[in-house]
Amino acid sequence: MTVQHNSRTKEPYLRLPEPHTNIIITPHRQNSIDETSSALANILNDPRVALRLQRTPYPYSKSDGEEWAKANCKEQEAMLSNLRKELEEQTNTKLKKHAGNNSRQDGQVFDGCPFTCIREVLKSEPETGHPIEDILIGDIRLARSSFDEFPEGSEERAQAQRQNDELLAGDKNIIWSLADFLAPSHHGKGIMTLAVKTIIHDWAIPRMKVQRLKSWAFEDNEGSMRVFEKNSFLRGCTLKDWAPVSESRGGGKKSIVLMEWAGADDS
Ligand SMILES: CC(C)(COP(=O)(O)OP(=O)(O)OC[C@H]1O[C@@H](n2cnc3c(N)ncnc32)[C@H](O)[C@@H]1OP(=O)(O)O)[C@@H](O)C(=O)NCCC(=O)NCCS
């Protein structure tokens with residue numbers, strides 16, 4: 001499946017394949033900041049999620065969620081406006097007639113992914129199948145690498161980030177990273193495995209021309225490493241006692257494992 005376009009709300013979104021077609025990945029919604037921030041506070045205050053993450057605040061307040069949601073809406077605005085134009089042009093020229101519900105994938109190259117909110121659909125429109133009611137259950141994001149292999153706060157890390165950030169959209173040398181979390185109520189059902197697959201195959205490859213993906217997981221986070229492995233990532237080096245952990249999470253440093261994508265061919 002590729003990008004879907006909810007004709008009623010004008011929201012583009014991605015849908016997971018079987019058996020999780022009731023899960024969609026949408027942009028942040030300007031008109032539901034309150035709902036988003038409550039959901040985020042619920043998920044990100046749960047130690048089963050919070051202790052696996054390094055950078056989200058913990059404890060996580062509703063105002064942290066509001067700030068995050070607003071910043072995301074702003075960041076996604078330009079990408080969404082371009083994507084909406086593209087989808088509307090396709091509708092107008094009746095391309096959809098031949099392409100079913102799917103949009104064509106030969107438009108502009110995007111410098112990021114506007115689909116970050118993982119939602120469970122509770123109610124759909126009978127005629128179109130588009131969601132009418134859903135709840136936020138997680139987050140998945142593609143971003144330029146933060147180069148965790150260099151020490152936190154170091155000039156080497158800053159320089160690597162600068163050089164990577166300067167590369168233009170679509171450049172095959174850009175190193176991207178994927179980060180994700182899911183509400184504990186939905187763990188262990190195969191959802192994140194398919195969410196990662198969807199983001200890579202329905203967006204990152206066709207619309208961003210992504211060729212290099214590197215992510216890091218805490219050494220004790222077997223679930224996260226399995227999700228990556230099931231999407232053609234290989235386990236790389238381990239950096240022992242490397243990533244600083246906030247005092248609220250117990251302090252100290254944790255070991256992290258590199259997960260590096262082997263590319264599209266064998267995924
Ligand atoms: C890690 C996380 C995203 C996994 O999502 P999920 O939807 O539960 O994962 P899936 O159901 O797709 O499971 C994929 C694989 O991981 C395994 N797995 C999942 N959770 C696991 C756990 N806690 N321990 C060991 N294996 C686990 C599954 O058994 C499955 O492997 P298999 O098919 O070989 O049996 C989710 O547990 C989560 O949000 N954790 C907290 C936040 C987090 O860790 N984010 C990643 C930071 S790097």
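Biologist: Hi! How far is the polar side-chain atom of arginine 226 from an oxygen atom of the ligand?
Modeller: The distance is 2.8 Å, which is a polar contact (a pair of N or O atoms within 3.5 Å). This is a predicted model, where local features need pLDDT of at least 70 and side-chain atom pairs pLDDT 80 or more, while totals for chains, interfaces and linings use all residues. Residues are numbered from 1 along each chain as its sequence is written, and side-chain values use heavy atoms, leaving out hydrogens and water.

Biologist: And what about lysine 230?
Modeller: A polar side-chain atom of lysine 230 lies 2.4 Å from a ligand oxygen. For histidine 187, the distance to a ligand oxygen is 3.3 Å.

Biologist: How much of the ligand does the protein bury?
Modeller: The protein buries 72% of the 920 Å² that the ligand exposes when taken alone (Shrake-Rupley areas, 1.4 Å probe).

Biologist: Which element gives the most to the shell around the ligand?
Modeller: Helix 7 does, with five residues. Helices (H or I, at least four residues) and strands (E, at least two) are DSSP runs, numbered from the N terminus.

Biologist: How many residues surround the ligand?
Modeller: There are 23, and Asp180, Gly190, Thr193, Asn221 and Lys230 are the closest. Near means a heavy atom within 4 Å. The shell holds nine nonpolar, seven polar and seven charged residues, with Gly counted as polar and Asp, Glu, Lys and Arg as charged.

Biologist: New topic: what does UniProt list for residues 137-232?
Modeller: The unreviewed entry gives "domain: N-acetyltransferase" there, though annotations may be inferred rather than shown by experiment. In the model, that stretch is 40% helix and 24% strand, and its end C-alpha atoms are 24 Å apart.

Notes:
A polar contact is a pair of N or O atoms within 3.5 Å; within protein, one must be able to donate a hydrogen and the other to accept it, and residues adjacent in sequence count only if both atoms are side-chain atoms.
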